[in-house]
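Here is a walk through one protein chain. Keep the sequence and the 3D view open as you read.

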Amino acid sequence: MNPAAGFRAVFGAEPAGVWAAPGRVNLIGEHTDYNDGHVLPIALPHRTRVAAAARGDGLLRLHSAGAGGGVTALRVAGLAPGAVRGWAAYPAGVVWALREAGLAVGGADLHVESDVPQGAGLSSSAALEIATALAVTELHGHRPSRAELAALARHAENAFVGVPCGIMDQTASACSVAGHALHLDTRDLTLRHLPFDPAAHGLRLLVADVGRRHALADGAYAARRAACEAGARALGVRALRDVEAAQLPDALAALRPELRPVVRHVVTENERVARVAALLAAGELRAAGPLLTAGHASLRDDFAVSCPELDLVVTAARAAGALGARMTGGGFGGSAIVLVEEDRAAGVERAVADAFASARFTAPAVFPVTAGEGAGRHGEGGRPPAEAGPFSPSGQGT
Ligand code: ADP
Ligand code: MG
């Protein structure tokens, strides 16, 4: 259903507008964002749309077509970390974070529709946060920059929902430009929009959602973060991003053996981001393939966050002639990406499906993606109205 019609059906009134924000896939730069490192995501064409209207009585009423249950009603003034459970914590947390930051945000009715798969490593959580943040700030007459919105949404996910994510997902959703990847330095938050248009190179980027749902909030993620921090402490640097690839052999020799693979992944991954970014800037997308595959090997062997399904996508796709493939997102399930020549894409899709059938894994959902547009206000049909215009590729915010 279109979000405005959904809003009318749930709340019996017209929404003031519809705001939308995309999910993302990360091309390269995994588990680097909490090491002050570099990431290179693209926004997906898949979007979360929030139809919304302001309320004068301080109530926040939340409904999602993609969640079971009816309307959740909360008092905006009573929002506090730990007070809201389930999916409603994401939008409620955003409202809480905006108010914490001193933005006068009052009550609202929100109806959510989305085609971003949930829990697939494609960042449906950030899409929901950013669409909500845009909706409620505009409803209440505020226009924070995109970078500020991303930081507030991340704070909401960390402090209100309780997921210790980095800044990548929210920045990709808030700040991306269609047809471009976003090269983000997570230390100083500078960003560059680099051309990413596989079709223009006769290529295709496939996403394979392997069906196994990751649980980012679980202990494995916290353990990797702790190991990274221990590595940085042992090396006397502020964060692992401060270790250059050329210093890696010496750094590894100085570390306890159990910290070495974790540090090696982060340092080599930052280097891979720099190399892929340089290739995109030079228009040499094809040459990025082997770096994606090397990134997967590092996540599988050194960082140990892959799983058999993700490994199988990579091996099957590579055997069928893909240029490169890797898991994307936090790992332990979720999705993989495959870079492939257009005329080999169908063969790769078949090979992956066959390999999953042989292994008796649930069939993955494989689909091509392009680099979508970042968040914005949308017309009823979900298309940006003319006056919204694309987000400026040159600046950091509006
Ligand atoms: P990912 O961000 O990779 O999809 P997360 O576990 O970070 O996975 O976020 C998924 C959670 O976000 C869901 O379990 C749900 O609570 C919430 N969520 C995301 N999209 C929606 C939606 N359209 N409606 C309701 N809740 C959503
Ligand atoms: Mg998420």
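A salt bridge here is a side-chain nitrogen of Lys or Arg within 4 Å of a carboxyl oxygen of Asp or Glu. The side chains of Asp 242 and Arg 187 meet this rule, at 2.7 Å from N to O. The model is predicted, so local features need pLDDT of at least 70, side-chain atom pairs count only at pLDDT 80 or more, and totals for chains, interfaces and linings use all residues. Residues are numbered from 1 along each chain as its sequence is written, chains are lettered from A and ligands numbered from 1 in the order in which they are written, and side-chain values use heavy atoms, with hydrogens and water left out.

Now the overall layout. Domain 1 covers 3-193 + 373-384, and domain 2 covers 197-369; these bounds come from an automatic or database domain assignment. Taken over C-alpha atoms, the domain centres are 26 Å apart.

Next, the interface. Contact (heavy atoms within 4.5 Å) involves 36 residues of domain 1 and 42 residues of domain 2. The size of an interface is often given as the accessible area lost when the parts come together. Here the buried area (accessible area, 1.4 Å probe, that two parts lose on being put together, summed over both) is about 3,100 Å². Carbon and sulfur atoms give 62% of that area.

Which polar links cross between the domains? The rule finds four salt bridges across the interface. It also finds 17 residue pairs in polar contact, both residues at pLDDT 80 or more. A polar contact is a pair of N or O atoms within 3.5 Å; within protein, one must be able to donate a hydrogen and the other to accept it, and residues adjacent in sequence count only if both atoms are side-chain atoms. On the side of domain 1 that touches domain 2, β1 (17-26), β2 (38-39), β3 (41-55) and β7 (180-185) each supply at least two residues. Strand β3 gives the most, with four residues. Strands (E, at least two residues) and helices (H or I, at least four) are DSSP runs, numbered from the N terminus.

Widen the view to the whole structure. In one of them, Arg 238 pairs with Asp 36, the closest N and O atoms being 3.9 Å apart. Arg 238 sits in the loop between α6 (219-235) and α7 (248-254), and Asp 36 in the loop between β1 and β2, 202 residues apart.
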